[in-house]
Amino acid sequence: MDSKTIILSLPVDEFVNPGTRACAGCTLGIAYRIGLKALGRNTILVVPPSCLTVLQGLFPIASTRLPCINVTFASTAAAGTGILAALKALGKEDTNVVCWAGDGGTSDIGLQALSGACERGENLLYICYDNEGYMNTGVQRSGTTPKGTITANTPILGKLQQAKDVPYIMAAHGISYIATCSAAYPLDLYDKIKKALSCPGVKYIHIHIPCPPGWVFDPAYGVQIGRLAVETGIYELYEVEYYNKRLTGASQKLAAKNNLKPVKDYFRAQGRFRAITDAQIEDIQNQLNAKWDHYSQIPVSDV
Amino acid sequence: MNIIESGNVAAAIGVMRARAQVIAAYPITPQTPLTEKLSELIESGQMDAQYVPVESEHSALAVCIAASSAGARAFTATSANGLLYMHEQIHWAAGARLPIVMCVANRGIGAPWTVWNDHQDSISQRDTGWIQIYANDNQQIIDSVIKAYMIAEKMSIPVMVCYDGYILSHTYMPFTVPDQLDVDGFLPSFNPAYALDPDMPANLNPVTLPDVRPDRNGELAHGYMEIRHLLQEDLLKTFQVVKETDERFTGIFGRGGDPFLEPYRCDDADFVAMALGSLSYHLRDVVDMLRDEGIKAGVMGLRLFRPFPASAISEALINRTGVIIFEKALSYGYEGALCSEVKSALYNQSGNKPPFVHNYILGLGGREIKTVDLFNALKDSCTRHDGKDSGTRWIGLKI
Amino acid sequence: MDHEKCIPSKKGKPACFICWLFCPEGTISRTVPPSIDYEYCKGCGICAQECPSGAIVMVEESSFINEGK
């Protein structure tokens, strides 16, 4: 990656007006606000039903200052494809076409269309903001909800299944660029979006989005919890370019120093994990230790 | 130029003549050769369009919705289960007021699986707000596709051009291919009131509340109900546009004249049979046979199914003794869809005693329709009626 | 916001701006000194949590109303 952007060099222009309908402390607000700065004015957005639909506001008032098309839940990547085809037919190919979908709209109902777009090599930037559940409809479990999570429809036992690894699924498509990001690291997100825009075909960005009501924590701690996810090693910041994975930023540093914060801090900071036992957390810690021991031994390329 | 080709190819050439710019393609029997022909036309350079081989029919219409929203003339085609798979998108396209044209090669719907012709697929979409045109032969297919874009873009309402799977889609017939320059003179390029544009940012089709709300200037903006009301109002204005489009087309190409109902020997008919699609032409043979026996029968092919031309239908039928509706679809739990709608068009017509309405269901899942069976049914209705409506009767059941 | 603790305010030039970066609403201006638009601030507290110099403190909204602000 080229030289990293610092706060003072971020574009000053805002592309979303304040007073959105998002929850107080919604970290999607951070990711979206900074992400749009990376995309710039010459962008058309595609948004399926999700928290972002709500954030953008109710007709006839919209908070986003860019053209946006709302689409049905399963069709995000297909709609992005349609806009690209139209722009090509009309000779206007320099406009960015960017999908912003939630984890439900990506890993579950939207996966098929996304897979198709990857296979066709559409020049699409697909951003999945992952708050690990169907939050817009009241916190139901999704394909990316972690195992053991209490949600509105896993209310007592917690989710019994392992989460899907969507970036890994994307990597199997052999696309040019995949990046995992976090709302707690907005400059990293900014740089990765900028880089993605310069890559061909479908580019996939997965953003970890701590959600105060869904994850059950005080809204003030959204960024802190996002940071903790990375510092405990349970969420990795990395890039994949044509099947080749490379840790980046804070995760790269974590691998180099192998100084994971205890993952128990991450779990116990969120009410949604109250059904997970200390013994289960210890298992997870052991797995993380093993994984990051392994990472610390692989030569980490200097990007 | 006159050629002999299949209905699918007729449709494809119509799409080419209409200069569609974005084609979404997904294979499903019996529509597949249409999209294959389009890919051949595009790859050979005869047609300048973006061909998007999508991974599902739901995505096919998603591509068209997005492309149309971005200012391109969009097309897709499907049949049966494919049409149903995109059902939520069909509603969306109409609600979003997008002038998409889609061909439906009519095919029966599972379960159980069938690939053969009936009309349940498109009939089941009649509530969605799309304009529905039925073609009776391959000439009408190519002409209807071209006219469809004119109508769609004038009304900002999507149009479904339906034609019988296999019977028309795969059957070779002679027809005239309109000249490209003539079509260009008839159909201008797509120029929407709004297309997604960073210079004019707008948020299309967000959540809309039950009640009206002021916009940022304080003026009341339409609520959901107003927006939907406008769709209905515009559908009712579509009759006039269909008529004018047909007249203009006839003026340039010399074909047309019956945009709503295509009658055959109806001038003095006491009994009028009615059907959608190629069946109405098949019934012409039966009408001739009955006429030979001195029975004054006629047949009307309904060309425009949505918006439903109720006044044209009641005007055409009100003075008859009987109307006999042959359908390849039904509204399960009640009766043939066309039958119900014709009856309602005839209801409460001032003065006259309305004709009786008989309803025959036939040809489901491609069950062969034999002229002798049609003849027996129609003759029975004409000669042994009691002046009352019948329940649904089925032709061609074997067990 | 305590402008004696706020880094850009103290320095009198653009610096830090972490609160501007992290506000989900974009209610904090990227100015010297930074200011918060209370019309749109939702009171989430992320800015207070992230400010490296502890210059931002959360105050109950009712006390504002009482002071006629």
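Two strands pair if DSSP finds at least two bridges between them. Helices (H or I, at least four residues) and strands (E, at least two) are DSSP runs, numbered from the N terminus.

This is a predicted model: local features need pLDDT of at least 70, side-chain atom pairs count only at pLDDT 80 or more, and totals for chains, interfaces and linings use all residues. Residues are numbered from 1 along each chain as its sequence is written, chains are lettered from A in the order in which they are written, and side-chain values use heavy atoms, without hydrogens and water.

**Sheet of chain B**

Six strands of chain B form an open sheet with mixed pairing, in the order E12-E14-E13-E16-E17-E18. E12 (261-264) and E18 (392-394) are its edges; each has a single partner strand, so one side of each lacks a neighbour in the sheet. The twist averages 25 degrees from one strand to the next. E12(B) pairs with E14(B) in the antiparallel sense over four bridges. Tyr264(B) has Val299(B) in E14(B) as its bridge partner.

Helix H12 of chain B lies across these strands, among others:

| Element | Residues |
|---|---|
| E13(B) | 271-276 |
| E16(B) | 322-327 |
| E17(B) | 356-361 |

H12(B) runs at about 155 degrees to E16(B) (axes are lines fitted to C-alpha atoms, for helices over the stretch in contact; angles run from 0 to 180 degrees between N-to-C directions).

**Helix H5 of chain B**

Gln89(B), Ile90(B), Ala93(B), Ala94(B) and Gly95(B) are buried in H5 (87-95) (under 20% relative accessible area, 1.4 Å probe, protein chains only). Just after H5(B), Arg97(B) takes a positive phi of about 60 degrees.

**Chains**

Chains A and B share the most contacts of the two pairs in contact (heavy atoms within 4.5 Å). Chains B and C have no contact; their closest C-alpha atoms lie 16 Å apart.

Methods:
Buried means under 20% relative accessible area, exposed over 50%, partly exposed in between (1.4 Å probe, protein chains only).
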